[in-house]
Amino acid sequence: MVFYIKKMRLILLIFVFLMFFSLQAAAATSVTEVEYVLFERSDGNMIIVDYQKALEQYDPPLKREPLKKALEEIEIALYNFRQVYVQTEDKVIDYSEAVNDGRTFNQAMAVTDYDVVLDLFELADLELYSTTGNIWAYRTPQPQEFPEGITVNVAWSVFARCWFVNVIVDPVEYDLTEVDSVRVMGKTAMRGSGDTINYWRARIYESDLPTGASEPQIDPSTVRILYSGSWLW
């Protein structure tokens, strides 16, 4: 009985998702994907969710929690008249205002009344993300791009049979003596010396890649820098 109730609740949440975010052919000429959702929590903090990642992790019946948790949090925010912003591949809209006006997501996207010029990551206080095992947690929002002064490149070595990932820290932007550690895809990087004193290098093997990946995904979500005792992001 408990399993049945949980299953019905998940079906209801998926239905809500379809009502909120799917564009029907009659209402739009092209498919617009939701990329990020920023919502206000009860304590006033603004929480951002990578909606595409939540969808990618949704693989019934084994992996339900990422999408379910995101839907529940957005539902609670809307029900309590809190701010909800949606970023698509085209624009950012004030979705909570559209709901106040009794408009669907499709209707809000079809007009410019709810368009806003906002950087959702700058507004976000925390990011809701799924850890290993689909356990949800909060963290400092990760930038979409590496901040100024941090450069990363990747080179496949046919001899070593691995990828070498170089994380280069600009000594003008950062005090190199304050860089405590650099990690790439969970692996500690080796620091250079002499002319490469501002380089940190990690080696990534094919066995380190997620299932289905053909090369490393190197972005702020897989590279971390411990600086002066705190992670930069």
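This is a predicted model: local features need pLDDT of at least 70, side-chain atom pairs count only at pLDDT 80 or more; totals for chains, interfaces and linings use all residues.
**Aromatic pairs and a hairpin**

How are the two rings arranged? What I like here is that the pair links distant parts of the chain: Tyr-36 is in strand S1, residues 34-40, while Phe-121 is in helix H6, residues 120-123, and they are 85 residues apart. Both Tyr-36 and Phe-121 are buried.

Next up, Tyr-95 and Phe-105. They also form an edge-to-face pair, 5.9 Å centre to centre with 70° between the planes. Tyr-95 belongs to helix H4 (residues 95-100) and Phe-105 to helix H5 (residues 105-110), so the pair ties together parts 10 residues apart in sequence. Tyr-95 and Phe-105 are buried.

Now back to S1. Is it mostly covered or mostly open? Mostly covered: five of its seven residues are buried. And it has partners. S1 pairs with strand S3, residues 84-88, in the antiparallel sense over five bridges, and there Val-37 stands opposite Val-86. S1 also pairs antiparallel with strand S2, residues 46-50, over five bridges, where Leu-38 has Ile-48 as its bridge partner. S1 and S2 make a hairpin with five residues between them, and Gly-44 in the turn has a positive phi of about 95°.

The charged end of Arg-41 sits over the ring of Tyr-138, 4.8 Å from its centre. Arg-201 lies over the face of Phe-164, at 5.9 Å from the ring centre.

How values were computed. Residues are numbered from 1 along each chain as its sequence is written. Side-chain values use heavy atoms; hydrogens and water are left out. Helices (H or I, at least four residues) and strands (E, at least two) are DSSP runs, numbered from the N terminus. Buried means under 20% relative accessible area, exposed over 50%, partly exposed in between (1.4 Å probe, protein chains only). Rings of Phe, Tyr and Trp (its six-membered ring) pair if their centres lie within 6.5 Å; planes under 30 degrees apart count as stacked, over 60 as edge-to-face and the rest as tilted. A charge sits over a ring if NZ of Lys or CZ of Arg is within 6 Å of the ring centre and within 35 degrees of the ring normal. Two strands pair if DSSP finds at least two bridges between them.
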